[in-house]
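I opened my notebook to get to know a structure that was new to me. Here is what I looked up, entry by entry.

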Amino acid sequence: MAIYNRAISRRGPVAFRRRRPVSATSQVESLARSLANQIIREREQAKARQRLGRIFTTFDPTDDVLPNNIETVTRGLFFGNTGSLTTMFTSSNLTATQKTYFQEIFSTGDPASNTNANSELSMAYGHFNGSGSKDLTGNLNNDTPSRAIYKQYAQLLLAPNDKKFTINGTDTNEIYVLNFNRARIREKLDPGNFELTLAQLSGSAGGGINAALVPNAAHTGSNVKVSGTGQFIQIIDDSSLASGGSIAEGGLVYNLISGSIDEGTSIHNSSSPVYYGLLYPQHGVAILNGEQLNKDISNGGVNFNSVTGSGVQGDNAVKLFTSLNASDALTPAGMNGGIQARSSEQVKSTYYFVRVKNAEYNYSNNPSFVTGSLGELYFNTFTNDPQVYITTVGLYNQRRELLATAKLSQPLLKNYTREALIKVKLDF
Amino acid sequence: MGYLNNSTITVDAILTKKGRELLARGRDEFKITQFALADDEVDYDLYNPEHPLGTAFYGAAIENMPVVEALADETQMLKYKLVTLPKGTARIPVVRVAQSTIELNANESTIITPSTVNFGGGNRRFGYTAILSDSDCADIVATRGARNSAASVPQFIGDSEAAQSITVSGTQFEITAKELLNADKQITILFIGNETGGRASVTLTVKKVEIATAANAQLQS
């Protein structure tokens, strides 16, 4: 209880104090002080009485509610909050036509044979001129799937009059696309925590390391293999650089460059890294420069040797899948292969501070708290020393409609000697 | 030197169906202004004042019990609320109704006035919430209102039941039976104290309508 106790005058030690007549002013002050104390006491008693017989307590909007806190929440991008996808599966459920456009990538297994398979992302190949794929519908206008893919992503990510993806200042005709599922990215990919590890492929005649193997047009299906040299490249976004990241038509965009986030972010040859593509975190899309991936490893590529003939179904998206899926086996201990990524999302929260004072909420309407039909307490000792357990907090509006609930992890003992402060977080 | 126990507990809340509905409606109705506490899953029979290890272990069985997760169904949460009462209280406020069973014929009415015993003036300000479980059998209206009349804890049995239940708030209620043609039907009316918590239920039997037939009526061929 607060006491109105303003010092009125400083007096000397009692032994040396001369008894003075009490002035009218000091009498008035004394009376005023006593009256103020009485008013405060009565108000507090009334407040305490008001609380009695109540199951609800009103929040003080200033002290008890902390609205609109924004927190950035990051999670592993893949199923089960996993930050890396090292073993991937394509889906046999896609139709032949769908496969000419994209491959859907699953974790755990092929959804055709594994009911626990989880869809994670899609991979596609795009060519500005429509090369590397064949129009299965007999259309003669060269509107092939690879052309459709290129134009689709150009339309989504580039400025209206920009028709080609430009990687490190050079336009590219060939792109590989990784499009992560919206449910996985939530709000966006988390820049700075994105890494692709690509295994070197064997390639084919006309530039591959197994030059005698197969001609370019036949570099599909079972001919797409890992080189066997154990070599791989790693690609990260350049958000760690001061110059990294810009806002373009497609929102936030980062360059994808040679580097690794294993054991901390490091850019390979940071003064002159290899540029592999672009990352659009808000779209959950990574665009890789096919022309760069086609190069051999000494030039920063992985020997994709994408099929680029016209009227040929190249299944190029499978090359990206094969390369990513095989890379984990090639990385040394302490490094991850495949894809490493996190999602990022801003969550608005309001905190409610539930303050339970010692004299409050010490009795319960729980039927096991009483015995008989007259409301007698189950234990006689509860009359003067009731013990209850808080398990649930309910948040109500003025009409006493239950809007949100929170449960404690364990029952919390409450009695006249205990107070509780429960911070309830409500995310929107 | 030990570490001090951090006494602030942080818990995550989830929106109830009602909360989502009001949030979606967006008319400033989603405004949390008050809280209540409950101990729904605690059975105080587990509290053992005769525990051989002493006072610290009286409530051990309850305190070590894991608590189940929160549900989005507001009708199944906070059924048994904690209440603030004066120290030395020997009896918990009990919500009472005069009749625990009522039988009504079609179109007959009865008035129910819940009261609260063991606490003077209990629930006079905010009244009671009455939930009639099946609107096909009877109707219920509040004949005497209360402040901020609204459902505090509506209780429905299931989705189909929810569609048929009626929830009103007040201090006095009138129940009117409807016409049932097939069979007698028994339903429940639940009264919940909006201030002290606590609940009382009434079993209502609505008799089916007896249709008189002529004694000498014969089938015509």
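**A buried asparagine**

I began with A:Asn303, which counts as buried because its relative accessibility is 0%; buried means under 20% relative accessible area, exposed over 50% and partly exposed in between, with a 1.4 Å probe and protein chains only. A:Asn303 sits in the loop between α5 (290-293) and α6 (316-327) of chain A. Helices (H or I, at least four residues) and strands (E, at least two) are DSSP runs, numbered from the N terminus.

**What I am looking at**

I noted that this is a predicted model, in which local features need pLDDT of at least 70 and side-chain atom pairs count only at pLDDT 80 or more, while totals for chains, interfaces and linings use all residues. Residues are numbered from 1 along each chain as its sequence is written, chains are lettered from A and ligands numbered from 1 in the order in which they are written, and side-chain values use heavy atoms, with hydrogens and water left out.

**Positive phi angles**

Most residues other than glycine have a negative phi. I found that A:Asn303 has a positive phi of about 60° although it is not a glycine. A:Asn68 also has a positive phi, about 55°, and is not a glycine. I located A:Asn68 in strand β2 (residues 65-76) of chain A.

**How chains A and B meet**

How many residues does each chain bring to the contact? I read 70 residues from chain A and 79 residues from chain B, where contact means heavy atoms within 4.5 Å. The area buried between the two chains is about 7,200 Å², and carbon and sulfur atoms give 58% of that area. Buried area here is the accessible area (1.4 Å probe) that two parts lose on being put together, summed over both. A:Tyr389, A:Arg400 and A:Leu403 supply 11% of the area that chain A buries against chain B, more than any other three residues.

I then looked up the salt bridges, and the rule finds 4 across this interface. A salt bridge is a side-chain nitrogen of Lys or Arg within 4 Å of a carboxyl oxygen of Asp or Glu. The side chains of A:Lys407 and B:Glu41 form a salt bridge, at 3.0 Å from N to O. On the side of chain A that touches chain B, β24(A) gives the largest share, with 12 residues.

**A strand with partners in both chains**

Next I followed β23 (388-396) of chain A, one of the strands that supply at least two residues of the side touching chain B. In β23(A), 9 of the 9 residues are buried, so this strand is largely enclosed by the rest of the structure. β23(A) runs antiparallel to β24(A), joined by 8 bridges; two strands pair if DSSP finds at least two bridges between them. A:Val388 stands opposite A:Lys414 in β24(A). The hairpin of β23(A) and β24(A) has 5 residues between the strands, and A:Arg400 takes a positive phi near 60° there.

β23(A) also pairs with strand β2 (residues 34-38) of chain B, antiparallel over 5 bridges. In this pairing I saw A:Leu395 opposite B:Phe35.

**A sheet in chain B**

My last entry is an open sheet of 3 strands in chain B, in the order β6-β11-β9 with antiparallel pairing. β6 (109-112) and β9 (138-144) stand at the edges with a single partner strand each, so one side of each is left without a neighbour in the sheet. I noted 6 bridges between β9(B) and β11 (residues 172-177) of chain B. B:Asp139 stands opposite B:Thr176 in β11(B).
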